[in-house]
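Trainee: I am new to this structure. Please take me through a close look at a single part of it.

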Amino acid sequence: MPARRPPAAPAAPPTPPVPTPSAPTVPDTFAPVSDRLEAQYLPGGPAPLTGRPETLLAGLIRTILGQQNTRAAASRQYAALRESYPRWEAALLDGPDGIEGTLKAAGGGLHRSKARHIHALLEALDDTGTLSLEGLRDQTDAAARARLEALPGVGRHTASLILLFDLRRAAMPVEGNLDRLARRLEWVPDGWTAARVVRWFDAVTPPTWAARAALHVAGVRHGREVCTARHPRCDTCVLADLCPSAAILGPAFPGAASGRA
């Protein structure tokens with residue numbers, strides 16, 4: 001008799017498809033909030049920042065100086081660097097201690113850490129053979145971002161600022177003022193991390209330079225002048241009737257009680 005064939009192994013169950021993450025829903029108030037902020041703070045529409053350094057490396061160093069620093073102090077420090085080091089090669093040769101002394105003499109905080117970040121940045125570029133970032137102008141957004149974020153002391157936010165204002169690309173920088181605005185408008189849950197809020201803004205903001213530049217600049221100004229971390233001025237806020245937090249956080253404003261028992 002012929003040998004019996006062993007029973008066939010049962011077919012493996014089909015692999016369930018991996019669900020594709022759905023795009024976040026754009027809040028109904030997103031467009032009117034964006035329009036009101038732009039009308040309030042940028043009535044002529046967004047424009048490239050005036051006074052930006054002419055080279056990308058200079059723009060990056062000026063941006064690093066502006067982190068956790070007042071605009072006035074960062075401007076003084078940048079001017080002092082350019083006076084002491086007409087060429088960035090001189091700063092590289094002077095070392096972090098020399099850069100720190102220059103920053104400290106100009107006033108402003110965090111001069112030690114900023115000096116080390118700037119010197120590390122110059123060293124990293126020197127290893128490539130040139131103290132320049134001008135090649136980024138010919139790269140795609142993704143390639144330019146990857147190159148920037150690979151540099152010492154350059155994170156996503158700093159790279160987004162350079163992409164938006166120096167390269168005029170449709171990046172979406174999100175810092176504390178925009179993060180606070182999104183939470184107070186209840187666009188995002190309070191439990192979200194700052195990184196998740198950044199990803200959310202990138203997903204829902206129209207992917208044009210004008211829309212992103214306007215929302216960033218107007219949102220930052222609004223956060224500094226009106227929607228402050230403490231004692232927000234909800235009574236003067238152009239978003240008060242759209243903001244669920246206005247009646248709770250700020251002084252009473254006309255119509256505040258309407259619809260908010």
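Trainee: Is Cys-234 buried or exposed, and what is its relative accessible area?

Mentor: Cys-234 is buried, at a relative accessible area of 9%. Buried means under 20%, exposed means over 50%, and partly exposed lies in between, with a 1.4 Å probe and protein chains only.

A word on the source. This is a predicted model, where local features need pLDDT of at least 70, side-chain atom pairs count only at pLDDT 80 or more, and totals for chains, interfaces and linings use all residues. Residues are numbered from 1 along each chain as its sequence is written, and side-chain values use heavy atoms, with hydrogens and water left out.

Now look at the sulfur of Cys-234. The closest cysteine sulfur belongs to Cys-237, 6.3 Å away, so the pair is too far apart for a bond. A disulfide here is a pair of cysteine sulfur atoms within 2.5 Å. Turn to Cys-227. Cys-237 again holds the closest cysteine sulfur, at 6.4 Å, which is too far for a bond. Cys-227 is buried as well, with a relative accessible area of 10%. The disulfide count is zero by this rule.

The whole structure has one cavity of 30 Å³ or more. Among its 16 lining residues, the closest to the centre are His-222, Cys-227, Cys-234, Cys-237 and Cys-243. The search uses a 1 Å grid over the protein atoms alone: a cavity is a set of points where a 1.4 Å probe fits but cannot get out, a pocket is an open set with protein on both sides within 12 Å along at least five of seven lines, and lining residues have an atom within 4 Å of a point. The cavity holds about 110 Å³. That volume is the space filled by probe spheres set on the points, with grid points joined across faces, edges and corners.

What makes up the lining? It has 12 nonpolar residues, two polar and two charged. Ala, Val, Leu, Ile, Met, Phe, Trp, Tyr, Cys and Pro count as nonpolar, Asp, Glu, Lys and Arg as charged, and the others, Gly among them, as polar. Helices α8 (176–184) and α11 (246–249) each give at least two residues to this lining. Helices (H or I, at least four residues) and strands (E, at least two) are DSSP runs, numbered from the N terminus.

Follow α8 to an open space. Together with α7 (156–166) and α9 (194–204), α8 supplies at least two residues per helix to the lining of the second largest pocket. This pocket has a volume of about 170 Å³. Its lining includes Arg-156, Met-172, Asp-179 and Val-198. By class, six of its lining residues are nonpolar, three polar and three charged.

Glu-149 touches Arg-156, along with Val-154, Gly-155 and Ala-159, leaving out residues up to four places away in sequence. Touching means heavy atoms within 4.5 Å. Glu-149 sits in helix α6 (residues 141–149). It is partly exposed, at 34% relative accessible area.

Last, the wider setting. The protein has 11 helices and zero strands. Of its 261 residues, 43% count as buried.
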